[in-house]
Amino acid sequence: PLLWARPCVGFNVQRDASEQASLPQAEAIFTKAFEAWMNAACSGGHPGIRASYTGSVACATVEYNTDKANANVVMFRDASWPHSGTGVLAMTTVTFSRSTGEIYDADIEVNTALHDFAVADTAPGADLLSVATHEAGHFLGLSHSADPEATMFAVYTPGTISQRTLEADDVAGICDAYPAGASPGECDTVPRHGFSSLCGADQTEGGGGPEGGGAPGDDGGSGGGA
């Protein structure tokens, strides 16, 4: 199972956002998407993890730096979609330890190059909040669900908004991964090796924070697409 080992994690939106969604719109939509998971009703309270928006960033690259600072970035691909599968609405790439399942980093890409997204209920296109809520589930470590009613079901039905809200299978998954417990208190959302708005290639050498990484060869990648 994949999960964040620490009780708090931060996420960011790439500051250019999209022609289809302004930065304030993207910030509000993805914050609401993560809140759907944070507010799930588990036995004894809410899931034992807090995902918080910590601001916009310059970096628009999917990456995890083992020797420099990092950020967990939501980015929109207006110009072109760099992956196979023209029908893919979005993709979340998760970097994790193969030995423990601990998530080190997660980045979300939205396929605005090939698809139209709606940021309002009456607008045409795929509902961005539904897609964002699905991708937030991947960000938190969940895979696809076999339940067609679940937010984590692999297929989005055009024009629907039902995946904005969690179903029983989604709640069971997030509560199993992060059982309700004591409040994390003051959250430390700094990523592994420190935080930076810049991509690794644009950071000064050794610009990461003090926290160490995993064992050599211990990182793996996994993509989850809607």
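This is a predicted model: local features need pLDDT of at least 70, side-chain atom pairs count only at pLDDT 80 or more; totals for chains, interfaces and linings use all residues.
Biologist: Why is α2 called mostly covered?

Modeller: Buried means under 20% relative accessible area, and twelve of the twelve residues in α2 are buried. Among them are Leu 128, Val 131, His 134, Glu 135, His 138 and Phe 139.

Biologist: Turning to the cysteines, how do you know that Cys 8 and Cys 187 form a disulfide?

Modeller: A pair of cysteine sulfur atoms counts as a disulfide within 2.5 Å, and here the S to S distance is 2.0 Å. Cys 8 lies in strand β1 and Cys 187 in the loop between α3 and β8, so the link ties together parts that are 179 residues apart in sequence.

Biologist: Is Cys 8 buried or exposed, and what is Cys 187 called?

Modeller: Cys 8 has 6% relative accessibility, which is under the 20% cut-off, so Cys 8 counts as buried. Cys 187 has 28%, between 20% and 50%, and is therefore partly exposed.

Biologist: What about Cys 42 and Cys 175, what makes them a disulfide?

Modeller: Their sulfur atoms are 2.0 Å apart, and the limit is 2.5 Å. The torsion about the S-S bond is -85°, and the link is left-handed. With Cys 42 in the loop between α1 and β2 and Cys 175 in helix α3, the pair ties together parts that are 133 residues apart in sequence. Cys 42 is buried at 12%, and Cys 175 is buried at 15%.

Biologist: Why is the link of Cys 59 and Cys 199 given the hand it has?

Modeller: The torsion about its S-S bond is about 100°, so this disulfide is right-handed. Both Cys 59 and Cys 199 are buried.

Biologist: How many disulfides does the structure hold, and what is the pairing?

Modeller: The structure holds three. With the bonded cysteines numbered in sequence order, the pairing is 1-5, 2-4, 3-6.

Methods. Residues are numbered from 1 along each chain as its sequence is written. Side-chain values use heavy atoms; hydrogens and water are left out. Buried means under 20% relative accessible area, exposed over 50%, partly exposed in between (1.4 Å probe, protein chains only). Helices (H or I, at least four residues) and strands (E, at least two) are DSSP runs, numbered from the N terminus.
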